[in-house]
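Hi everyone, thanks for making time. I'd like to walk you through one model today, so please have the viewer open and follow along.

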Amino acid sequence: AEGVNIHHIKVLGRGTIAQIDHVRINDKDYAVKTLSPRLVWAMKSDAGLARGALLLAKCWGKISETDLDALSRDIEKIIQETDLSIELQNTRRQTDIFNKPSTDGGYHLEFYREVNMKECFTVPVKFKVPRVYPDLSSTNSLVMEIIDGFSLDRNEEINNMLLSWKPDWNDNKPFTPPQIAMFTYSVKSLVMEVYLEAARENEFINADFQLGNFMMKLEENKVVVYCIDHGHCISVRSPSPTAKSLHYALIKTLVNFFHSRCRIAEDIARDAVGSGDVSMNPLALIEELAGHEQQDGKAEAIHVTLKSKEAVRIRELTYSPLSYNDIQHIESTIENYEILGKNFIPSVDDDIEWCKSTRSVEEVCHKLYDWLKSDWVQSERSGNERAFPCKDDFVNRLIPTLFKVAFELKEFDKLDFETQFERSGIPFDDFVHGMGLSFPGGDLALVRLTLLVEEFNYARLKLAFG
């Protein structure tokens, strides 16, 4: 532009779709992030193909409308990384987040000068986010302050930087190799602690958690850690994946319960009419079974309690909501996310205990209803706002829906564990989507984040223990 003096100094780094350069604008140094137009075009083209594949999967019954909504949002989140104005907004929000603990005195490391741990020093550590310049930035360029430091994945540069550092509390002496190893391990441990703490407190997190996105700068007697690259941030207010796993297990076992009752009811009805062709609808069959007195022990076998020979309402039929395998599956999911911490992923221990007792169909449906009320959102694809149904109406509509699934899937009990989840979950998703609700999504981003945190933790521990 006229009157603006721009001078390129050097390339600072390259990523998958972006490059960061040291640029001098009107005699002031900046870090400028720019996008490759060719790669941006390729990403958007691939996103279009992915959306098309999702629509085909929906048409073939492989995913539900809710899955389509959630996965489409995940794709859109990835595409947002090609708009640097969104990264600018995320960076400013992260600045506000990390300024809070910093103004309260910041953090510190407990550093032992000797391996024998006789002398301990408290080293101040401040977490910051690079300043951004909105007036100089656009959708395809982000102008930030330049940082005189190195990212935590640059081991050689970090080591050399620490070798030349002579803080007062170390008697103005350079670090020894063992001190460097201990100090670097402590910094990375604190980064992980602060990162997850900020996410839990502010319900907002950079989903691209890796050593390369944290830069360390040394000042006279303290350490400054800069959190960078905020293109892919997510809200952590999204529902707990462990709660989702538990409630979909409840749906699966409810369908399985209905399936076994339908099969027994068919036998009873077939015996009653003396015909091999039973055309009763599933609800009629189950009412037949519920109101039928003991016949060859079948009514007793399914734990149906009869009161004065009156038909028992379907809602009052009781069963065990979760099997041993279901609980094992949920506990496996909990282990997968355990590294993020219980404050990040709320505990479902009380829910699991609740499911270990015998429950009525109505109680399980009520639990599903409460989950929908707390975790699901208005669907962006529903077209219009719809009033959330009352609890009784929800149960009255859900039972026939799941009975239909149970009745039509003749071999449901012979399907493998994961296929049962799929065959019962998709109809439930479509049923809920029909009420104008959608699961908030974020699953893929959270799975990716969990893997990145595990990788970060592994790198940290490898540094300490080899």
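Let me start with a term: a cavity here is a set of grid points where a 1.4 Å probe fits but cannot get out. And before we go looking, please keep in mind that this is a predicted model.

So, how many cavities of 30 Å³ or more does a search of the whole structure find? The search turns up one. The largest cavity holds about 100 Å³ of space. Its lining is made of 14 residues, and Gln94, Phe98, Tyr195, Asn206 and Phe214 are the closest to its centre. If you want to find it by element, look at helix H3 (84-103), H5 and strand E8 (204-206), each of which supplies at least two residues of that lining. By class, the cavity lining has nine nonpolar, four polar and one charged residues.

Now let's turn to the open spaces. The largest pocket has a volume of about 1,400 Å³. Which elements give two or more residues to its lining? They are strand E1 (6-14), strand E2 (18-25), strand E3 (28-35), helix H2 (65-79), strand E7 (150-151) and helix H14 (443-465). E1 makes the largest contribution, with five residues. In total 44 residues line this pocket, and if you'd like to zoom in on the centre, go to Ile20, Gly212, Asn213, Ile228 and Asp229, which lie nearest to it. The pocket lining divides into 19 nonpolar, eleven polar and 14 charged residues.

Next, a helix I'd like you to click on: H4, residues 155-163. Ile158, Met161 and Leu162 are its buried residues to look at. Why do these three sit on the same side of H4? Because they cover an arc of only 95° around the axis. And what do the buried residues of H4 pack against? Their partners are E7, helix H5 (177-202) and strand E9 (214-218).

Last stop, the cysteines. A disulfide is a covalent bond between the sulfur atoms of two cysteines. Cys355 has 1% relative accessibility, and because the cut-off for buried is under 20%, Cys355 counts as buried. Cys390, at 46% relative accessibility, counts as partly exposed.

Key: Residues numbered from 1 in each chain as written. Predicted model: local features only at pLDDT ≥ 70, side-chain atom pairs only at ≥ 80, totals over all residues. Heavy atoms only, no water. 1 Å grid on protein atoms, 1.4 Å probe; cavity = no way out; pocket = protein on both sides within 12 Å on 5 of 7 lines; lining within 4 Å. Points joined across faces, edges and corners; volume = space filled by probe spheres on them. Helix = DSSP H or I, 4+ residues; strand = E, 2+ residues; numbered from the N terminus. Nonpolar A, V, L, I, M, F, W, Y, C, P; charged D, E, K, R; others polar. Buried < 20%, exposed > 50% of the residue type's maximum accessible area, 1.4 Å probe, protein only. Arc of directions from axis to C-beta. Contact = heavy atoms within 4.5 Å.
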